[in-house]
Amino acid sequence: MIENADSLDEIIKEVAAKHGFVLSRDDPVLLVYTIQQRLLADSADGQQLLFDQFREELEQTLDDWEKETTSKLDQALDQTITAAKTDFRDQMRQDTIKITAVVDAHYATIQSQIREELKKCQRSSNISLVAEVLTLAAVVAVLWNSLGYP
């Protein structure tokens, strides 16, 4: 109330200085001033309440947006990781197929070379066997002759 009384005294002094009219404390004009001050104070309180509510709603909206954005980013990241894993598996399968084909081709080449070498060995063995049989036949013939059989 002291603050209100000081402001009334200031109003009375200001009106007297500017207009040369002295107001009394029971002048109806000061009643309008008091009502106006009360309305301004109530309006300021109401505006502060509305501002606080708006700020809370805005903070809640921002929090919701943050959660939604985080959720969407997490989903996008999960989808990207899943796609990368799938691509990696597919690439690994393709590479495995290529490597297997190369290994199979080398294996087939080596098998073919081994078969050729085995055939050569078989021929040499056959020739050696024929030579041994002929040698044996010659030994038998020489022995047959040396024993006196015609």
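## Overall fold

The protein has two helices and zero strands, where helices (H or I, at least four residues) and strands (E, at least two) are DSSP runs numbered from the N terminus. Its radius of gyration, taken over C-alpha atoms, is 58 Å, well over the 15 Å that the globule rule gives for 150 residues, so the protein is more spread out than a compact globule. That rule is 2.2 Å times the number of residues to the power 0.38. Along the principal axes, the C-alpha trace spans about 180 × 25 × 25 Å.

This is a predicted model, in which local features need pLDDT of at least 70 and side-chain atom pairs count only at pLDDT 80 or more, while totals for chains, interfaces and linings use all residues. Residues are numbered from 1 along each chain as its sequence is written, and side-chain values use heavy atoms, with hydrogens and water left out.

## Burial

Buried residues (under 20% relative accessible area, with exposed over 50% and partly exposed in between; 1.4 Å probe, protein chains only) make up 5% of the 150 residues.

## Asp27 in the loop

Let's turn to the loop between α1 (2–19) and α2, where Asp27 sits. The side chain of Asp27 reaches the backbone nitrogen of Val29 at 3.0 Å. Asp27 is buried yet has no salt bridge, meaning a side-chain nitrogen of Lys or Arg within 4 Å of a carboxyl oxygen of Asp or Glu. Arg25, the nearest side chain of opposite charge, is 11 Å away.

## Leu62 on α2

Helix α2 covers residues 28–146 and includes Leu62. Leu62 counts as partly exposed because its relative accessibility is 45%.

Note on methods. Lys, Arg positive; Asp, Glu negative; His and termini not counted. Polar contact = N/O pair within 3.5 Å; in protein donor to acceptor, adjacent residues only side chain to side chain.
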